[in-house]
There are 4 protein chains.
Amino acid sequence: MPARDTVEIGLNRFARRGYDLDEVSIVPSRRTRDVDDVSTAWQIDAFRFEIPLVTSPSDAVVSPATAIAVGQAGGLGVLNAEGLWTRYDDPLPVYRQLREAGAEAPPPVSLLQQVYAEPVKADLIGARIKEMRDAGVTTAVRVSPQHTELLAPTVLAAGVDLLVIQGTIVSAEHVTTQGAALNLKSFIADLDVPVIVGGAANYTTALHLMRTGAAGVIVGVGADSFSTGDAVMGIRVPLASAIADAAAARRDYLDETGGRYVHVIANGRIETSGAIARALACGADAVQLGEPLRAAREAPASGVWWDSVAAHPRLPRGGTSAPVPARGSLEQLLLGPAETSDGRTNLFGALRRTMAKTGYRDLKEFQRVDLVIGGAPAGDSAD
Amino acid sequence: MPARDTVEIGLNRFARRGYDLDEVSIVPSRRTRDVDDVSTAWQIDAFRFEIPLVTSPSDAVVSPATAIAVGQAGGLGVLNAEGLWTRYDDPLPVYRQLREAGAEAPPPVSLLQQVYAEPVKADLIGARIKEMRDAGVTTAVRVSPQHTELLAPTVLAAGVDLLVIQGTIVSAEHVTTQGAALNLKSFIADLDVPVIVGGAANYTTALHLMRTGAAGVIVGVGADSFSTGDAVMGIRVPLASAIADAAAARRDYLDETGGRYVHVIANGRIETSGAIARALACGADAVQLGEPLRAAREAPASGVWWDSVAAHPRLPRGGTSAPVPARGSLEQLLLGPAETSDGRTNLFGALRRTMAKTGYRDLKEFQRVDLVIGGAPAGDSAD
Amino acid sequence: MPARDTVEIGLNRFARRGYDLDEVSIVPSRRTRDVDDVSTAWQIDAFRFEIPLVTSPSDAVVSPATAIAVGQAGGLGVLNAEGLWTRYDDPLPVYRQLREAGAEAPPPVSLLQQVYAEPVKADLIGARIKEMRDAGVTTAVRVSPQHTELLAPTVLAAGVDLLVIQGTIVSAEHVTTQGAALNLKSFIADLDVPVIVGGAANYTTALHLMRTGAAGVIVGVGADSFSTGDAVMGIRVPLASAIADAAAARRDYLDETGGRYVHVIANGRIETSGAIARALACGADAVQLGEPLRAAREAPASGVWWDSVAAHPRLPRGGTSAPVPARGSLEQLLLGPAETSDGRTNLFGALRRTMAKTGYRDLKEFQRVDLVIGGAPAGDSAD
Amino acid sequence: MPARDTVEIGLNRFARRGYDLDEVSIVPSRRTRDVDDVSTAWQIDAFRFEIPLVTSPSDAVVSPATAIAVGQAGGLGVLNAEGLWTRYDDPLPVYRQLREAGAEAPPPVSLLQQVYAEPVKADLIGARIKEMRDAGVTTAVRVSPQHTELLAPTVLAAGVDLLVIQGTIVSAEHVTTQGAALNLKSFIADLDVPVIVGGAANYTTALHLMRTGAAGVIVGVGADSFSTGDAVMGIRVPLASAIADAAAARRDYLDETGGRYVHVIANGRIETSGAIARALACGADAVQLGEPLRAAREAPASGVWWDSVAAHPRLPRGGTSAPVPARGSLEQLLLGPAETSDGRTNLFGALRRTMAKTGYRDLKEFQRVDLVIGGAPAGDSAD
């Protein structure tokens, strides 16, 4: 692995220098192009999507119905197989409770801890997947690494198209003194469906996860604006650098396998169309979005936000937030038109325009766009 | 093109390091000079101006009347040939509507989208240009690259002095699958009037635009404080670096043509006299100002601000702002005297003083002034 | 001493580049591990602790009772031998007075100056130490360098286990024209109990303090969020760099002595579990915490905070703060479970989880974890 | 002149990297010392001062009475020979007017412009100097470069001890087409009293001013927290770098003259004892303070603040501020004791302590103290 910028923080103690997405910007190059000549499509395994969107498996934004709506808009909705929809036969009263508790202030963590104490039911997993399949969209559910072996048979039996194994931090080598750990490599080898796995935070972990046979690797530890993983665990992943490192792992793995292309899916505080464009420009193949979708009229929690790790029984660390007002339908959020200019509506229409203004035809080409570090974000003195 | 500082944001993914205008400052050198011995004049083609000011073609600040007032104060007013004055026979009721909608909060984008849906009328273009010509000032109007071929004949027939072809991002090579794109080079070669074209964001685009035969190139993507292009499109142009790069293109083009000097006009969040001085110190020949002029008593929108791109029907991205109170006449804003010390009045008198305090006689010399990076802006803890 | 990054601030005047703890973050590496397989234990001299915690000797958080509670939770409580508990037979009315004065705003410095004007009583030192010893925990008290020779006999006679000689800034070579200065080296050589000494701010001072025979060296000048030592004295110690420098001194001293390992204890604005993890990752063996403990239900000042140097009669410079509400018992703050996700509860449970997620088994291994510089802290736009 | 860090802001356009005082901090070194063994004295020409303080010639803080009080406390008070005390026989009603206008908000610039329109009277200059001389303190007044030749005879005839020729930016070579400019070198050569001259912003200007024969050179352009010179003129002088550069000029001039030591006096946003210590640590011999003294009970404007350049008739640019409450007597502000810990009282007692804690005996030695760049100022999250 070639060396990136390092800093000697103290005598003989080194740190790499990492960059966040909002430190990086796109520079228009010598050519421009018509918006209508640009494609934002991507394909993972046999599944093609018109927009490079994978949803976070957050109960605040993904119900079976919104997963279907995302699929119909051209993206991939991911339902949490360990969330409210598989713990409760009817989760609507729980949503109502959280919405009421979170109307003025973020919903209290203790309430999250309480509603997630209800056990997951296998039959509900099957029913939810069936509902999505019946709508004709590509189906995907998320399981945690800890429960993958337990839940995977149920999930697969229900006919899911893609399996997402996602924890805050996932490694290809989990060490335990309590029996055998999940061996991702042999597990994935035995599966018939493609697997997306993550999050990974650097080149090495991304490469090792690629070697498990995964079709996609999630890069980033899932921090949204409300996340407190930094304060709680001291862990921070400057996402622009992590994406570029994972893209390097993708190139190296492509070379070592003579042609297996593993998709890099960026996850972490990607909240505007500008951030989506930056993430792809740094080398991602798609982005995983959660918080931005809560402003959709269809969002099951009506604009309240929480991340699943916020419900951890002993060490909650994801963020929560009081509701934002709806900005339009899910389709409008994703495909426009926008009636505001804050980068939070027409998320993928804006991406298409950025690609046109910089002269690129497709996402793979766009990963080579010129980047610049520096410059204050415009609008910071806005009224 | 020689290499500037680059940063490896991740493995094998590089970004250039760019600097914003407010990161750069001017350092007084060994000599001082009398204010009265300093000239701020510049000349483009046959047209000489006492102050290096080109207005943004924003309807919020430029009417035929204010274009005339700017000309009389020594600058160049640019009217938008695709703005309110060419869409409406009498735009005053539209201004009133926007002012009322924007009295307390920025005017809603949806209202902007609505009033700009009215089509442009060729006869109004002619009438507006005639009004300005009759006042005896140098006349200039702006057309968008998309409508240049359609509107240019009307504009030229009306006897304009300078044509400004301006979009957020303009390249010398627009690619389209829908018929033929505008060929700027042959278009400009056929014209009798000098052309200013832009915005460009880097050395290469600036050089290519210079090679089209333009008399001036606008550098920057037009971001004011209220702009959201960064959030919407992920595009940011650290302006100090972009200006210096364009100045390098100007030198190289001067050399390759054996003497054609193309003027560099800086555009983007230049809102104080300090910022004007910095932009020229970085290598610009003139600055394009919009938002600062809205505080003139004559401003047609009475202090409300919007950028034309804020009215885009599907992806609005320019900023809008509720009104600021008038700070004086347009002449006082440009030439003083000031009764406040915030850098927003006597914009070009202040420039003259900076040149005197650093010992330079004219703008071309002043482009060599010493610069420093770093230091917090003074006044940031002001009451 | 090898050179670290230096900056030429002006001609021939150099400064080293230092990093604060919150500029540094931990990067998950290729391996993960079960939380239950991780140990946070450390041992200094004959004393073993389950968590790497040494308390600040601040009266705001340490009474004999809370020192005992800290010991029972696995850490080391340090009582100030020159604080309220040794100046007043019954300090409770003084605490009440400070609490009332500090209910809305920070308690006034003049009141602190007044209550600390009461002299220290030797018999109270003995009584307080006895109370802690009787509870069966490891006992430690802090004396200032100025009063070490005067108070040490009393402290030692009372049977203390560890002696902490701590001032804001302590050197191994104090120069005075007023009689003889304390010779730390000969003083420590004559003692039967291990000594922790500090604060030190760089490699050289840390190394010299190690050479006095100390068992532990405190690194940092004790700044908490409310500290004003920077404004008052112009002194700042970027803690990540200071810890790494002291760890280098520890290695060099280990080598020069053929095996004496002196513990590095980090002190200064460590207020979250994330900051604890960073401090240890930079090379510390333990952390000294004050302000975070004031939120314990048992805190003697009920959430009001002051640092002892805030009471200085002529140049107060430590911070003070109005009370925060209690977040739970001391044990809950240290060991969880947490019901909030702000990094201020379950401080050492979070550390254990960070170690697990990065694949380390014990603290000594964890000092090698990968670090990254850069990236904005998550959550900074939280509601 | 050796090269300092430079940055290529754009192609072939370079800027030096400068550092502000608050980016630089002092690092305690291996030795500590008794406070009572430290001297803060300095001497310029025949005049010795116990504290390295020169006041700004600001009417907001310097009257003849406060100049005397500063002298009695060990510093040098500088009265503005072109200020209120020499324009008005009785300036007290003017002060009252400014205080009333500035009670809630900063006094309006237009009022400043108005009261400073009153002409300077030669006889009042003489009377004010006599008043200060009669009190037995070292006397100094400031004249502007423009009026030096006109006013100097009066000032000298009145028996001033030190002459301060100070403008925002002063060069040794002023170019004018209007008659002859002041030739500082021959002017100073003819004088019997030592001259302090400035402000200078870099090595070259400082060196040239030293060559005029000045006894002291003021470094910095006088920006306080309320200054807007940056916004108005685009000029910024990162002070730590400017001081270090001037100190290099001092060394080079000392060498070229075989022993003439010209004092460097730092000026610009030095508002706390911490900043004073930093300025001296960077190489200054003394500091020029204005704004911090307005909190003295004796301040003639009762806490209102304005800088003289704020009254400029066409381009006001200094700051103004509504009053702060008094923090104590002038003596207490300078020498303590402090009852707050914000670095704004006991300014020079704090300096003495910083010198003691870093082991230095006198100011000249202290200029070698170790520096560090980086680290957030403590206290920024204070309640």
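## Close-ups of two chain interfaces

**View 1. A salt bridge between chain C and chain D.** In this predicted model, the side chains of Glu173(C) and Arg31(D) form a salt bridge at 3.2 Å, N to O. The term stands for a side-chain nitrogen of Lys or Arg within 4 Å of a carboxyl oxygen of Asp or Glu. The count for chain C and chain D is two salt bridges.

Some housekeeping: residues are numbered from 1 along each chain as its sequence is written, and chains are lettered from A and ligands numbered from 1 in the order in which they are written. Local features need pLDDT of at least 70, side-chain atom pairs count only at pLDDT 80 or more, totals for chains, interfaces and linings use all residues, and side-chain values use heavy atoms, with hydrogens and water left out.

**View 2. Where chain C touches chain D.** Here 55 residues of chain C are in contact with 68 residues of chain D (contact means heavy atoms within 4.5 Å). About 5000 Å² is buried between chain C and chain D, and carbon and sulfur atoms give 51% of that. Buried area is the accessible area (1.4 Å probe) that two parts lose on being put together, summed over both. On the chain C side, Ile9(C), Leu11(C) and Arg236(C) lose the most area to chain D, together 17% of what that side buries.

**View 3. Strands S2(C) and S18(D) side by side.** Two bridges join S2(C) to S18(D), residues 371-373 of chain D, and the strands run parallel. Strands (E, at least two residues) are DSSP runs, numbered from the N terminus, and two of them pair if DSSP finds at least two bridges between them. Look for Arg17(C), which stands opposite Ile373(D).

**View 4. Chain D meets chain B.** This contact takes 55 residues from chain D and 67 residues from chain B. Chain D and chain B bury about 5000 Å² between them, 51% of it on carbon and sulfur atoms. Ile9(D), Leu11(D) and Arg236(D) supply 17% of the area that chain D buries against chain B, more than any other three residues.

**View 5. A salt bridge and a strand pair between chain D and chain B.** Asp230(D) and Arg278(B) join their side chains in a salt bridge at 2.7 Å, N to O. Three bridges link S4(B), residues 31-33 of chain B, to S11(D), and these strands run parallel too. In this pair, Arg33(B) sits opposite Val175(D).

Notes: Helices (H or I, at least four residues) and strands (E, at least two) are DSSP runs, numbered from the N terminus.
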